[in-house]
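Please look over the sequence and the structure shown here before reading on.

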Amino acid sequence: MLAPSTVCLMLFLYVSQSAEGATEQKGLQRMATSQAKSEDSGSPPRLQDFLAAFELKSGTETADQDYFDRMVAADDVFENDQFLSPVELEMAREVVERLRDVEAFVGHGRFTTLSFKTVFKHSAGLASRRFTVADIRFLRDIFNRSSELLGFNGPRISDQFLAGHPQDALTFYPKYGEYLLSGEASGQFERLQAELGASVMLTSGYRGHPKQMLLYLEKVVESEGNLSLASRNRAPAGYSFHFTGDFDVGDVALGEQSFSRRFLKTAIYQSMLRAGWVKWRYPSHNLLGVRFEPWHIASVCAEIACSGG
Ligand SMILES: [Zn+2]
């Protein structure tokens, strides 16, 4: 295994070779250059070396242009995509409705903090919309599915279906109606705001398993049961770094549009590139099976899963 810094450097060099937007390329090249000063890197790595540096698990070591095409066209349907059966798709529709009911009952912000344990407790109070045993079994089954079966390439973050973080471990940001894990994550966001100004907004913070499951299954339902398509856009519950502190930022002026490539053109993103210490979880050409997400900030940089900093 190569040292993390070497992996990061290789990633920068590889990304800077790509045909991404010129602005992004410039920023990454700048970062690559500063990193390259401390290491005698020679020429950019070959694709195989780049992939090998991530110790890819089976199925992804042959990642090639097809893989990157899928990530760019994340909403297209591809051969070998994994699908729910028609019966399971019906179950997915049902649990999405039930999860939305609880979300409406406790409020959007609060819902992001709940564990399945608390969700089921709240749902018991909603007489007409209780989760049935079959619903709970389905949710648990989806949660426990391997990444291969979900068409996802990233690592599992939590294998505890009922796990969650207590309210007092979270910091609430009333302005955005979002929470962050107190410590690394909240400190990082506050530093970003202090350095770049109040136009940096928190668009999505901490997410418990039910919130992540809802986001994932909404995409699954929308795509008629395509688990892989959903995985390319949203990490399945149990595989999301939002559970361990990652968060999404945006530009106040863009609002919801921050979750698009328009964000690359903002002064905020450019300043984040210049700041140097910001770490991204899903850079362009990442191998975690997730599309390029320039708004998703990594709170703790695991060696295979970050870029920058
Ligand atoms: Zn995110």
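The structure is a predicted model, in which local features need pLDDT of at least 70, side-chain atom pairs count only at pLDDT 80 or more, and totals for chains, interfaces and linings use all residues. Residues are numbered from 1 along each chain, as its sequence is written. The chain has 13 helices and seven strands, where helices (H or I, at least four residues) and strands (E, at least two) are DSSP runs numbered from the N terminus.

**Confidence and overall build**

- The mean pLDDT of the chain is 79, and 76% of its residues reach 70 or more; pLDDT is the predictor's confidence in each residue, from 0 to 100.
- Over residues 1–62 pLDDT stays under 50, and for this stretch the model has 66 contacts beyond four places in sequence. Where pLDDT is low, the predicted coordinates should not be read in detail.
- Two residues are in contact if their C-beta atoms, placed from the backbone, lie within 7 Å. Among the contacts in the chain with a separation of 6 or more, 73% come from residues 24 or more positions apart.
- Of the 309 residues of the chain, 43% count as buried. A residue is buried if 20 or more other C-beta atoms lie within 10 Å of its own, exposed if 12 or fewer, and partly exposed in between, with C-beta atoms placed from the backbone.

**Helix α5 and its two partners**

- Two packed helices are described by the angle between their axes and the distance between the axes. Axes are lines fitted to C-alpha atoms, for helices over the stretch in contact, and angles run from 0 to 180 degrees between N-to-C directions.
- Helix α5 (residues 86–106) packs with helix α7 (residues 116–124) at an angle of about 80°, and their axes are 10 Å apart. That makes α5 roughly perpendicular to α7, since angles under 35 degrees count as roughly parallel, over 145 as roughly antiparallel, 65 to 115 as roughly perpendicular and the rest as oblique.
- In this contact, R98, V102, F105 and V106 of α5 meet V119, H122 and S123 of α7. By class, the contact of α5 with α7 has four nonpolar, two polar and one charged residues; Ala, Val, Leu, Ile, Met, Phe, Trp, Tyr, Cys and Pro count as nonpolar, Asp, Glu, Lys and Arg as charged, and the others, Gly among them, as polar.
- With helix α8 (residues 133–144), α5 packs at an angle of about 100°, with the axes 10 Å apart, and α5 and α8 are therefore roughly perpendicular to each other.
- Here M91, E94, V95 and R98 in α5 meet D135, F138 and L139 in α8, and the residues of this contact divide into four nonpolar, no polar and three charged.

**Strand β4 and its neighbours**

- Strand β3 (residues 200–204) pairs with β4 in the antiparallel sense over four bridges, and two strands pair if DSSP finds at least two bridges between them.
- D251 in β4 is the bridge partner of V200, while L202 stands opposite V249 in β4.
- Two bridges join β4 to strand β6 (residues 293–297), and these strands run antiparallel; H296 in β6 is the bridge partner of D248.
- Both faces of β4 are covered, with F247, V249 and D251 buried on one side and D248 and G250 buried on the other.

**The loop residue S240**

- S240 is found in the loop between α12 (227–233) and β4 (247–251), and counts as buried because it has 24 C-beta neighbours inside 10 Å.
- Leaving aside neighbours within four places in sequence, S240 is in contact with I157, R207, Q212 and A235.
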